[in-house]
Amino acid sequence: MPSAHAVNLAFERLGGLLFASTQVDHGIFSLSLPPESLDDACALFGEVLSQPAFLDIDIERGIVLEEILEDLDDEGHQVDADNISRALIYGNHPLGFTITGGEKHVRRFDEAMLRQHHARHYTADNAILAFSGKIDQSHALGIAERDFGALPRGSRIAAIAPERTQKGARLEIVDNVSSQTELRVCFRALSETDPLRAALDVLMRVVDDGMSTRLYHRLCDARGLCYDVSAGYDGYEDDGVIDVAAGVQHKRVALVTREILAMFEELAREGPTDEELEKVRRRIAWDMRAMTDSAEDTAAFYASGASSSASPPPRTRSRTSFASAPTRCAKQPAP
């Protein structure tokens, strides 16, 4: 294919849509398409993954540089709250780096570096291939062998676990001209592979799974302290972070922080109520049932589970997902 545009056009002419994203510790490629286009599209999919041309590098470099600017102020300082919080938690460990890296690193890489990275990471032992939708097992295995069998076996990339040496709370305040303060309250948590991972998902649904749950009700409905607040979990193979995010008036930052901590202290002391747990069970069951109606969600669920050995609960069209294993060494420190 002569260009990225030509690749996308080829998939879209088959009724498909190629999606790719870079996560903190892995990459995802996925393809949704009509069942009748599966064979032709997977042949192209396998070629793109196993034999990348690396065309238009300077154009792609420019796009990434623009993406980096989205997280910087006019003076080049990092102001993205998520990036700042991860750097505060993990420091010089790769989990503390931004996904995009810094401008100097992006300007420095060339085709040789890309091919070296591809040869090391895009291998069978570092990949998960999942099919979901109107396809039977024998057909899926045939496509896997025909179109993805060219990937070399390779060696599993081992991640280095971050240290847990923190003894007290850490705080960072970044000046930025804005009408609100973007607040993050973070806690180190279990990894994706921890036996208690499912229990953590239940906890997070007690905290934030709709506007009737504890976090939104306490800060928004009952006290009117902010317009929106959310809690999430970022899980990695050897660590995790619980993250509470809120945009608040500058003068209310301390009050909102106290309320968030008080909510978690109450949960630790008293635990969730029977009513809350029953609601969570029902919502998990409903979500799992709904997932079976989506080939896309089903493929993502099983690919994630195969990669981490633990999955968070989540067109008659086929869905093909290719998830690469951890690639932390590809990240570079933030500016």
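## Helix packing, core and a loop histidine

In this predicted model, the axes of helix α9 (residues 214-221) and α10 come within 11 Å and cross at roughly 145°, and the crossing in which α9 passes α10 is right-handed. On the α9 side the contact is made by R214, L215, R218 and L219, which meet V256, E259, I260, A262, M263, E266 and L267 of α10; by class, this contact has 7 nonpolar, no polar and 4 charged residues.

The largest nonpolar core has 27 residues, and those with the most contacts inside it are L215, V229, V244 and I260. At least two residues of this core are supplied by each of the elements β4, α8, α9, β5, β6 and α10, with α10 giving the largest share, 6 residues. A second, separate core, which includes V7, L38, L49 and Y122, has 17 residues.

| Core | Residues in core | Among its members |
|---|---|---|
| Largest nonpolar core | 27 residues | L215, V229, V244, I260 |
| Second, separate core | 17 residues | V7, L38, L49, Y122 |

Leaving aside neighbours within four places in sequence, V229 is in contact with D208, L215, Y216, L219, C220, V244, A245 and A246.

H250 lies in the loop between β6 (240-248) and α10 (253-270), and it counts as partly exposed because its relative accessibility is 45%. Beyond its neighbours within four places in sequence, H250 is in contact with S178, S179, Q180 and T181, and a polar contact of 2.7 Å joins the side chains of H250 and T181. The C-alpha atoms of H250 and E182 are 8.9 Å apart in space, although these residues are 68 residues apart in sequence.

Note on methods: Residues are numbered from 1 along each chain as its sequence is written. This is a predicted model: local features need pLDDT of at least 70, side-chain atom pairs count only at pLDDT 80 or more; totals for chains, interfaces and linings use all residues. Side-chain values use heavy atoms; hydrogens and water are left out. Helices (H or I, at least four residues) and strands (E, at least two) are DSSP runs, numbered from the N terminus. Buried means under 20% relative accessible area, exposed over 50%, partly exposed in between (1.4 Å probe, protein chains only). Contact means heavy atoms within 4.5 Å. A polar contact is a pair of N or O atoms within 3.5 Å; within protein, one must be able to donate a hydrogen and the other to accept it, and residues adjacent in sequence count only if both atoms are side-chain atoms. Axes are lines fitted to C-alpha atoms, for helices over the stretch in contact, and angles run from 0 to 180 degrees between N-to-C directions. A crossing is left-handed if the near helix is turned anticlockwise from the far one by less than a right angle, and right-handed if clockwise. Ala, Val, Leu, Ile, Met, Phe, Trp, Tyr, Cys and Pro count as nonpolar, Asp, Glu, Lys and Arg as charged, and the others, Gly among them, as polar. A nonpolar core is a set of buried Ala, Val, Leu, Ile, Met, Phe, Trp, Tyr and Cys residues joined through side-chain atoms within 4.5 Å.
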